[in-house]
Amino acid sequence: MIKAFILAGGKGARLRPLVLHVPKPIVPLANIPFLFFQIDHIKRAGITEIILSLSYQPRKITDIFGDGMKYGVTMRYTHEDLPRGTAGALKAAENLIDDTTVVLNGDILTDIDLRDVLAFHKERKAEATIVTARVMNPAGYGLVEAAPDGRVIRFTEKPPEDEVTGDTINAGIYILERSVLDRIPAEGTQSFERDIFPAMAQEGARIYTCLTQGYWQDIGSPQKYLEASFGIISGRMKMPGYPQKACPPNNWKKPEVSIDAFSILDGKCVIKAGVAIENSVLGEGCRIEEGALIKDSVIWSGTRIMANARIERSIIGRLCHIGEGARLRPGTVLGDKSTVSDFSIV
Ligand code: GDD
Ligand code: MG
């Protein structure tokens, strides 16, 4: 039976300070813990056996998903005390793997059809298939160069910017035959991106790329996390069977409040007169006082925004306090329990 193996053991360093109290795999995206989107995506391909590979703050994650029964899947977990790298993590789970496996980075939001990728993999009789995506700015990703038939010629993880040649990057989703496990040394830290794939390409193994057709976005940095949030609330990221809106903004249909159709607000938010909310997500129990403006931003639960504050393209963690008339400039990221004083500019 085909299983999915989700790599969710990284520290998520680029999302600090947001991930100090909540590990990256369960940061709220459109008010839903991120991994739910991945589980839903995997389930849509008919795969119900999921292995989560954890290392950083594992209990917070296992507490949410348990054995997976509630969500129609079987969840199993592996823990590494010290992270062993992406390939080392799979090797450590070797006894749970018995067949073709779908391996996914735990920070990828996508609606691509995994069944198409599996069919492609089978058709090519590939040992490994790497899903690729085209991005505007390929720096900071794994670069994949392939022959016209899709066979990987070269895999280069995060090359220096002046060596970035193409725009086709590793999307962080792989279909692997069990034989790939034999290529991973039993001990030490091993990376698919730095060790296993480059070596397979070099020796001419049957390693192929399959270009994504659909939405693809990773959530690994604040900027990307915001993009992924916009992908969901705009409907660009397709989620059949998922409520398009976690909560429609009808609850706040007061004439003096302006909330656009994209924004998602938890039902327990308090929104006062004169507030304007545009293309944003507000978590449970946020309180927005008179005349505040929130635009292109994500605000986690329990945060209070005082009167006439202006927030643009920012991410605000849980239980923060943004003072009266304060202004958050685009790109601001505030961790849980941050305070911004009245009339200040951040
Ligand atoms: N269990 C475990 N152990 N998981 C790990 C480890 C580990 O030692 N190291 C990383 N992970 C998990 C992370 O939690 C994340 O979900 C995934 O593996 C990828 O690690 P990132 O740290 O997010 O890598 P990246 O974003 O810099 O680059 C990766 O993703 C890009 C696409 O977003 C690479 O796969 C690139 O090649 C790719 O282009
Ligand atoms: Mg990442």
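## Aromatic pairs

Rings of Phe, Tyr and Trp (its six-membered ring) are paired if their centres lie within 6.5 Å; planes under 30 degrees apart count as stacked, over 60 as edge-to-face and the rest as tilted. By this rule the structure, a predicted model, holds 10 aromatic pairs. One of them joins F155 and F197, a tilted pair with 5.5 Å centre to centre and 55 degrees between the planes. F155 belongs to strand 10 (residues 152–157) and F197 to helix 5 (residues 192–202), so this pair ties together parts that are 42 residues apart in sequence. Helices (H or I, at least four residues) and strands (E, at least two) are DSSP runs, numbered from the N terminus. F155 and F197 are both buried, a term for under 20% relative accessible area, with exposed meaning over 50% and partly exposed in between (1.4 Å probe, protein chains only).

Y225 and W300 form an edge-to-face pair, with 6.3 Å centre to centre and 70 degrees between the planes. Y225 lies in helix 6 (residues 222–233), and W300 in the loop between strand 21 (298–299) and strand 22 (304–305), so the pair ties together parts that are 75 residues apart in sequence. Y225 is buried at 1% relative accessible area, and W300 is buried at 3%.

## An aromatic cluster

F155 and F197 also belong to one aromatic cluster, together with Y174 and F192.

## The ligand and its shell

Ligand 1 is surrounded by 26 residues, the closest being E80, G85, E157, N170 and E193; a residue counts here if one of its heavy atoms lies within 4 Å of the molecule. Polar contacts are pairs of N or O atoms within 3.5 Å; within protein, one must be able to donate a hydrogen and the other to accept it, and residues adjacent in sequence count only if both atoms are side-chain atoms. A backbone N or O atom of G10 lies 2.7 Å from an oxygen atom of ligand 1, and for N170 the corresponding distance is 2.7 Å. A polar backbone atom of R84 is 3.3 Å from a ligand oxygen.

Among the elements that give two or more residues to the shell are strand 1 (3–8) and strand 11 (168–176). Helix 3 gives the most, with 3 residues.

## Basis of the values

Residues are numbered from 1 along each chain as its sequence is written, while chains are lettered from A and ligands numbered from 1 in the order in which they are written. Local features need pLDDT of at least 70, side-chain atom pairs count only at pLDDT 80 or more, and totals for chains, interfaces and linings use all residues, while side-chain values use heavy atoms, with hydrogens and water left out.
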